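Dear colleague,

Please find the structure below, handed over for your study.

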Amino acid sequence: AERERQKQKAKEDRDREAAKKTDKGRLSQLEMFRTNEYTAWDDEGLPIKDAEGEEVTKSKTKKLRKDWERQKKLHEAWSKTPGGGVQ
């Protein structure tokens with residue numbers, strides 16, 4: 001009985017993690033940086049100017065690109081799931 005309870009808990013944890021990951025994909029990579037932190041974006045939605053109007057540094061752009069790529073994969077996976085892509 002204890003083993004069954006542990007198996008059930010592990011399954012619930014896996015399902016919860018999968019749901020969390022899927023939910024993160026709901027936000028499009030094109031919209032993820034559209035915040036007050038930035039004032040200008042390129043065609044892909046990557047910030048090119050910060051809130052003060054200064055150019056985003058090369059190192060910051062590299063980090064943002066990495067986050068953007070990760071979000072793009074999550075969003076594509078989300079839009080392929082049943083019910084995904086319907087907003």
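Strand S1 (residues 38-41) pairs with S2 in the antiparallel sense, over three bridges. Two strands count as a pair if DSSP finds at least two bridges between them. Strands (E, at least two residues) and helices (H or I, at least four) are DSSP runs, numbered from the N terminus.

Before the details, a word on the source. The model is predicted: local features need pLDDT of at least 70, side-chain atom pairs count only at pLDDT 80 or more, and totals for chains, interfaces and linings use all residues. Residues are numbered from 1 along each chain as its sequence is written, and side-chain values use heavy atoms, with hydrogens and water left out.

The pLDDT is the predictor's confidence in each residue, from 0 to 100. Its average over the protein is 86, and 93% of the residues score at least 70. Confidence is highest in strand S2 (residues 47-50), with a mean of 93, and lowest in helix H1 (residues 2-24), with a mean of 84. Where pLDDT is low, the predicted coordinates should not be read in detail.

To return to the hairpin of S1 and S2, five residues lie between the strands, and Gly 45 takes a positive phi near 90°. Across the strands, Tyr 38 stands opposite Asp 50 in S2, and Trp 41 stands opposite Pro 47 in S2.

Tyr 38 is buried, with a relative accessible area of 6%; buried means under 20%, exposed over 50% and partly exposed in between (1.4 Å probe, protein chains only). Not counting residues up to four places away in sequence, Tyr 38 touches several residues, among them Phe 33, Asp 50, Val 56 and Leu 64. Here contact means heavy atoms within 4.5 Å.

Which residues form the largest nonpolar core? The seven are Met 32, Phe 33, Tyr 38, Leu 46, Val 56, Leu 64 and Trp 68. A nonpolar core is a set of buried Ala, Val, Leu, Ile, Met, Phe, Trp, Tyr and Cys residues joined through side-chain atoms within 4.5 Å.

A search of the whole structure finds one aromatic pair. The ring centres of Phe 33 and Tyr 38 are 6.3 Å apart and their planes stand at 90°, so the pair is edge-to-face. Rings of Phe, Tyr and Trp (its six-membered ring) pair if their centres lie within 6.5 Å; planes under 30 degrees apart count as stacked, over 60 as edge-to-face and the rest as tilted. Phe 33 is buried, with a relative accessible area of 8%.

At Trp 68, the charged end of Arg 65 sits over the ring, 5.2 Å from its centre. This requires NZ of Lys or CZ of Arg within 6 Å of the ring centre and within 35 degrees of the ring normal.

Three further residues may be examined in turn. Trp 41, in strand S1, is partly exposed, with a relative accessible area of 24%. Trp 41 touches Phe 33, Arg 34, Thr 35, Leu 46, Pro 47 and Ile 48, not counting residues up to four places away in sequence. Glu 37 is found in the loop between H1 and S1 and is partly exposed, at 47% relative accessible area. Leaving aside neighbours within four places in sequence, Glu 37 is in contact with Asp 50, Ala 51 and Lys 60. Ser 28 is also found in the loop between H1 and S1. Is Ser 28 buried or exposed? Ser 28 is buried, with a relative accessible area of 17%, and touches Gln 71 and His 75, not counting residues up to four places away in sequence.

Yours sincerely
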